[in-house]
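I opened a new notebook page today. I wanted to look up a ligand site and then a sheet.

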Amino acid sequence: MKLSLGCIADDYTGASDLANTLTRQGLRTVQTIGVPPDDLALPEVDAVVVSLKSRSIDAKVAVDRSRAADKWLRGRGADHVLFKICSTFDSTDAGNIGPVMDALRADCGDAIVLVTPAFPETGRTVYQGNLFVGAVPLNESPLKDHPLNPMHDSNLVRVLARQSRTKVGLVDLAPLSRGAAAVRERLADLARNGVGAVIIDAVFDRDLETIGSVALDHRLSVGASGIGLGLARALIATGKVKAADAGAAIGAPVGGPAACLAGSCSQATLAQIANAEKTMAVLHLDPEQIIAGPNEARRALAWASARITEGPVLIASSSTPDQVAALQSRHGRDAAGHAIEQAMADVAEGLVQSGVRRLVVAGGETSGAVVDRLRIPGFLVGEEIAAGVPVLRAVGTGNGEMLLALKSGNFGGPEFFSDALKLMR
Ligand SMILES: Nc1ncnc2c1ncn2[C@@H]1O[C@H](COP(=O)(O)OP(=O)(O)O)[C@@H](O)[C@H]1O
Ligand SMILES: O=C(O)[C@@H](O)C(=O)COP(=O)(O)O
């Protein structure tokens, strides 16, 4: 297998979002959890998305894991590697976007790296280096209240400069609107002036197509699903990849009991949980009790086992920003987040042991904890439930067929949970 594109995603929902985009564009793609072991049977593919849980960990560990993934991908022939970050640039001044980018750039020897989290299909656009979420700048969006990576600055040149050792520049819409040659000229100027990374504006998919074709001149790019779309279209346009059928089947229905878990506290997820109350049994966990010990997860499993044969259930730890802030002030941000993620993983493990084979998880870190606990080594990408969220079929589990959906907190329409279960048959 010679890969046309290698991808390293900093969380699991982000990885399935990117795998979904590449698949829809016609690249045969698999998502692996971590660097795959040599004995994992992978189908013939154009792209592999290696999922890491490296967004909110110590920067040095994130760098080491990303470099290992990069080495594996390049060892399978990938000339270009995309480091997939969140479309809302989730990070802190300590990283991890800048440190990982710096390390991967040093390893591949690129003079300059293109960086853009733009993903217009989900309302993420970048103008003059400022990231917009829908109609508002990042720092006014619900991301200002994210439990782990609150985003308070929408100017990404500044945000990246605080995390990176290299000089960060901007390629704005003006050269982009003149086409690939103008972007190349601007990049060459900036590189001559010692700039090692640029935030590049993008408002429409056509901007991402230009970016994708320029990015293929380089060995590394950094961004969200939008740049994935640009790279995929450029690979097909240049004939490096022959477009595959985006709707290829991923296997027979699995049936059986279905459950949803929500650890995301995003505004979108909170609204989706409220809507789910109309169509399924919903249990709201008490976060304080979760931190106190294992009884809350046990309570959830007992509650679910009494209902699961009658229809899908939803178990949520999610709270409003005020409640999240209060809990964090009592227990610390990382300790609270970690305890809740592990409790969700306990619940997922118990549900699967009791026969659940269709599982929807809301939240990137939450999905990471759940998928790790279930020891799933990889996924095939199926139908799209909502922009950025596909149905996934677990591969290499050895304990039966299973379908999952890993939803980024901010993605999906108001009826996301029932929309997902309709497609997860
Ligand atoms: N009630 C709560 N209070 C505080 N933190 C919470 C609560 N519920 C979940 N969390 C934590 O918030 C974080 C949510 O992050 P994540 O799962 O990535 O969601 P998103 O996709 O919205 O970013 C996780 O670490 C999770 O454990
Ligand atoms: O790019 C995106 O917005 C998503 O793919 C993503 O990374 C989401 O992260 P979470 O919100 O933590 O799920």
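Helices (H or I, at least four residues) and strands (E, at least two) are DSSP runs, numbered from the N terminus. This is a predicted model, where local features need pLDDT of at least 70, side-chain atom pairs count only at pLDDT 80 or more, and totals for chains, interfaces and linings use all residues. Residues are numbered from 1 along each chain as its sequence is written, chains are lettered from A and ligands numbered from 1 in the order in which they are written, and side-chain values use heavy atoms, with hydrogens and water left out.

**Ligand 2**

A side-chain N or O atom of Thr-13 is 2.7 Å from a ligand 2 oxygen. For Asp-11, a polar side-chain atom lies 3.2 Å from an oxygen atom of ligand 2. Gly-364 uses a polar backbone atom, 3.2 Å from a ligand 2 oxygen.

**The sheet**

I turned to the strands, which pair if DSSP finds at least two bridges between them. Three strands form an open antiparallel sheet in the order S6-S7-S8. Strands S6 (124-127) and S8 (136-137) are the edges, each pairing on one side only. Strand S7 (residues 130-133) pairs with S8 over two bridges, in the antiparallel sense. Which residue in S8 is the bridge partner of Phe-132? I found Pro-137.

Key. A polar contact is a pair of N or O atoms within 3.5 Å; within protein, one must be able to donate a hydrogen and the other to accept it, and residues adjacent in sequence count only if both atoms are side-chain atoms.
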